[in-house]
Protein chains: 2
Amino acid sequence: MVSPQAAAPYAQVKHFLKEQLARGRWSPGERMPSEAQLVGRFRVSRMTVNRALRELRDEGLVERVQGVGTFAAQPGRVASTLTIRDLHAEIASRGHRHHAEVHVARREVAPPALAAKLALEAGAPVFHTVIVHHENGVPLQCEDRYVSPVCAPDYLGVDFTRTTPTHYLLEVAPIWQANYTIEAAAASAEEARLLAIERGDPCLVVVRRTANRERPITIARLVHPGSRYAIEGAFAP
Amino acid sequence: MVSPQAAAPYAQVKHFLKEQLARGRWSPGERMPSEAQLVGRFRVSRMTVNRALRELRDEGLVERVQGVGTFAAQPGRVASTLTIRDLHAEIASRGHRHHAEVHVARREVAPPALAAKLALEAGAPVFHTVIVHHENGVPLQCEDRYVSPVCAPDYLGVDFTRTTPTHYLLEVAPIWQANYTIEAAAASAEEARLLAIERGDPCLVVVRRTANRERPITIARLVHPGSRYAIEGAFAP
DNA sequence: CAGTGGTCTAGACCACTGA
DNA sequence: CAGTGGTCTAGACCACTGA
C-alpha cells in the first residue's frame with residue numbers, strides 16, 4: 001500500500017534514474033538497466049517503468065533502441081519550443097513545481113528609447129515587472145518586462161505569484177504579431193544574483209516584443225541560465 | 001485486427017484531436033470530449049486515450065484539470081521561422097566576405113551513441129568535419145558536423161573552402177525533417193581557440209539534426225560567439 | 001453523488017536486434 | 001533464439017470537482 005503523499009511510482013523510477021544519471025552512474029552512450037530489470041528492482045509493472053523511461057527519452061536524458069536497449073544520453077537539459085508559451089504551463093507539463101518571485105512591480109516613466117519601442121510618448125507611464133521563475137525551487141528564468149498601459153491598464157493589479165504575465169497578457173491582449181532575438185550573453189551581477197549563478201556565466205537571452213493589430217503590447221527580456229535551459233524545436237514539411 | 005503499417009491507436013486518437021483543434025472544432029477554453037467518451041468512440045482502452053491526451057497536454061495543446069475535464073488551450077503555437085540557412089548565403093546577403101577554414105575532414109568510427117543518432121551500426125564509418133566560418137575575417141561559427149555515409153557517400157570529396165556542408169547536403173540529400181536545440185554554453189578551450197575568443201565566453205550553440213524520409217542525414221553542432229551572433233525571427237498569424 | 005482525470009497492474013502481442 | 005523496447009487491454013483504486 002502506498003501512502004497518499006508518496007510520489008507516483010513512475011515518478012519514483014524516473015527520479016531514481018535521473019538522480020543516477022546526474023551522478024554519472026552511466027557515462028553517455030553506456031547501456032542502462034532494461035525495463036525487465038527495473039520491474040524486478042522496483043516491484044512495479046512494466047507499463048510504469050516504460051512511462052518513466054519514455055519521459056526520460058522525451059526529455060533527452062536517455063536514448064532507446066528497440067531490440068537493443070536503453071542508453072544514457074548527454075546529461076540534462078530541459079526543453080521548450082520556440083513559441084509563446086506560458087512558462088507556468090511548460091513547467092507543469094513536466095510535472096514540476098513552478099513558483100514566481102516578484103522583485104519589481106511598479107509604474108515608471110518611460111525613457112525615450114523604450115517609449116518609442118512601445119509607441120508611447122516619452123515621459124508616459126509604463127509598467128515594469130521583474131519576476132524570477134523557479135522550477136522545483138531552482139531559478140530558471142529572469143523575466144524583465146515592460147508593458148504598455150494602453151493595452152493592459154490593470155496589469156499591476158495582477159498577483160504574479162499566481163498568474164504569469166504571459167498568461168495574463170495573452171488573455172487581455174491577444175497577440176497579433178511578435179518578433180524575437182535569441183542570443184548568448186554573460187550574466188550581469190544583478191542577473192547572477194537573481195538566478196543564483198556566477199557573474200559571467202553563459203545565459204540564453206530571449207528578447208521578445210509582441211503587438212496587437214494596432215500597437216505594441218509588451219517587451220520582455222528573458223534570461224535563462226545556459227546550464228538549465230534550452231530551446232527545442234522541430235520542423236517538418 | 002490492425003494492419004501492421006497502421007499508426008498506433010494512441011497516435012490515431014492524438015492525430016484526430018490535433019486535427020480537430022487545428023480546425024477550430026473547440027475554441028480556447030472550451031471543454032473537449034472526456035476520456036470515457038473517446039474510449040467509446042475509438043473502441044480503445046482508457047490508457048490509450050489517456051496517453052494521447054497526456055501528450056497533447058505536454059505539447060501545450062490542451063489543458064487538463066482533474067475532476068473537471070479537458071479543455072482546448074490558448075493557441076500560442078506558431079510555426080518557427082528558424083530556417084536552415086546556408087551561412088555563406090547569409091553572410092553574402094549582408095554584403096560581407098565569407099571564408100571557411102577546414103580543421104578536420106576525415107572518416108571516423110562512430111561510437112555507439114552517435115551511431116544510434118544517425119541510424120548506423122556501432123562501429124560503422126562516419127564522416128566528420130570541423131569547419132570555422134568567418135565573416136569579413138572574423139570567426140562567426142564553428143561547425144562540428146557528422147554525416148551519414150549512407151546519405152552522402154562523396155561528402156569528403158567536397159572542397160569545403162568553396163562549398164559549405166549545408167549547401168552541399170541540401171543538394172545531395174534533401175531534408176524531410178529536422179529538429180534542433182538552442183542553448184547558451186561556455187566556450188571550451190578548443191572552441192575558444194578556433195573562434196578567437198576567451199575560454200568560458202558565452203556562446204550560442206545550435207545543435208541540428210536533419211533527416212530525409214527514411215533516415216538521418218547529419219548532426220551538426222554550431223557554436224557562435226555570443227557577442228557576434230544572434231538569431232532573429234518574427235511570427236504573425 | 002456522478003463524473004472527471006491520474007495512475008497502476010498483470011498480462012499480452014509485436015518488431016526488432018544480435019548472438 | 002532470447003532479450004529488448006513499443007504498445008495495448010480491461011480492469012482497478014484514487015483524488016478531485018461541482019451539482
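These exercises look at aromatic rings in a predicted model. Local features need pLDDT of at least 70, side-chain atom pairs count only at pLDDT 80 or more, and totals for chains, interfaces and linings use all residues. Residues are numbered from 1 along each chain as its sequence is written, chains are lettered from A in the order in which they are written, and side-chain values use heavy atoms, without hydrogens and water.

**Exercise 1.** Classify the ring pair of Tyr155(A) and Tyr168(A).

*Solution.*
- Start with the rule: rings of Phe, Tyr and Trp (its six-membered ring) pair if their centres lie within 6.5 Å; planes under 30 degrees apart are stacked, over 60 edge-to-face, the rest tilted.
- The structure holds eight such pairs over all chains.
- In this one, the centres of Tyr155(A) and Tyr168(A) are 6.3 Å apart and the planes stand at 45°, so the pair is tilted.
- Now locate the partners: Tyr155(A) is in the loop between strand 5 (138-147) and helix 6 (165-172) of chain A, and Tyr168(A) is in helix 6, 13 residues apart. Helices (H or I, at least four residues) and strands (E, at least two) are DSSP runs, numbered from the N terminus.

**Exercise 2.** Are Tyr155(A) and Tyr168(A) buried or exposed?

*Solution.*
- Buried means under 20% relative accessible area, exposed over 50%, partly exposed in between (1.4 Å probe, protein chains only).
- Tyr155(A) has 0%, so it is buried.
- Tyr168(A) has 15%, so it is buried.

**Exercise 3.** Which residues form a cluster through ring pairs?

*Solution.*
- Ring pairs join Phe127(A), Tyr155(A), Phe160(A) and Tyr168(A).
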